[in-house]
Amino acid sequence: MAESESINEVSGWRRFALWLAALLVRAWGRTLRFEADPATYALLTKSDEPAAIVLWHNRLFLSAEIFKKYRFQRRVYGLVSASKDGAWLAAFYRMIGIYPVRGSSSNFGREAAKVLIEKMAEGHDIGITPDGPRGPVYVTEPGVLVVTRRNNAPMILLGAEFTHAWRLKSWDRFYIAWPFSRVRMRCTVLRPKDPDGTKLSADDVTAALKAINPDLPD
């Protein structure tokens, strides 16, 4: 099947609706007060080499503002499903400054992984939600490590602690920060291999992300 036949796109009134939503998200994001101590800021803005920017799916609401504030040195490419549902997210990504790579996000398909590997080799960052797009929540899919291992690239793990936020009834309990509230940023950088050659595991990523992403009480 040709790529144009297998990858769904959004057009017409749907695209206009997404444009309005993107404007709202950008305006909303500008009201948030992001806080990062000097050590955290240095990790968030680390730009000596391309990196995989990793955050839980339920913190995606913050992604546009995070990339604008801390990852402005490079383009960020994100994996999005080729399905009809993915078409909405891909169009939305473009409007908020993230470059979508269309493919099988449920199993990190070969073609999509290949494109992401190439983008990192060209000097760009990639964005990864290791428990997306359908969960289970806070469980890292092993396939997300493929790209960083191939490029021997660091994973910059993002943490966000909310002072006030709504939580949706979705599978991931998606967070939407209150306007004008504070978001405390946290960060950890992991390499795909230790100096002794031991490979980073999916469980290592999960544990590190959980440590820097405290949940609000229900």
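Buried means under 20% relative accessible area, exposed means over 50%, and partly exposed lies in between (1.4 Å probe, protein chains only). Thr31 has 19% relative accessibility, so Thr31 counts as buried. This is a predicted model: local features need pLDDT of at least 70, side-chain atom pairs count only at pLDDT 80 or more, and totals for chains, interfaces and linings use all residues. Residues are numbered from 1 along each chain as its sequence is written, and side-chain values use heavy atoms, with hydrogens and water left out.

**Thr31 and its surroundings**

- Thr31 belongs to helix H2, which covers residues 13-31. Helices (H or I, at least four residues) and strands (E, at least two) are DSSP runs, numbered from the N terminus.
- A polar atom of the Thr31 side chain lies 2.7 Å from the backbone oxygen of Trp28.
- The Thr31 side chain also reaches the backbone nitrogen of Phe180, at 3.1 Å.
- Both pairs fall under the term polar contact: N or O atoms within 3.5 Å; within protein, one must be able to donate a hydrogen and the other to accept it, and residues adjacent in sequence count only if both atoms are side-chain atoms.
- Setting aside neighbours within four places in sequence, Thr31 is in contact with Pro179 and Phe180. Contact here means heavy atoms within 4.5 Å.

**Salt bridges: the count**

- The whole structure holds 10 salt bridges. The term requires a side-chain nitrogen of Lys or Arg within 4 Å of a carboxyl oxygen of Asp or Glu.
- Side chains of opposite charge can pair when their charged atoms come close.

**Glu35 and Arg182**

- The side chains of Glu35 and Arg182 form a salt bridge, at 3.3 Å from N to O.
- This pair links distant parts of the chain, 147 residues apart: Glu35 sits in strand S1 (residues 33-35) and Arg182 in strand S9 (residues 182-190).
- Glu35 is partly exposed, at 32% relative accessible area. Arg182 is partly exposed too, at 30%.

- Asp48 and Lys46 meet through their side chains in a salt bridge, 2.7 Å from N to O.
- Asp48 has a relative accessible area of 58%, so Asp48 is exposed. Lys46 has 18%, so Lys46 counts as buried.
- A network of salt bridges links Lys46, Asp48, Glu49 and Arg191.

**Lys119 and Glu122**

- Lys119 pairs with Glu122 in a salt bridge, with the closest N and O atoms 3.8 Å apart.
- Glu122 is exposed, at 51% relative accessibility.
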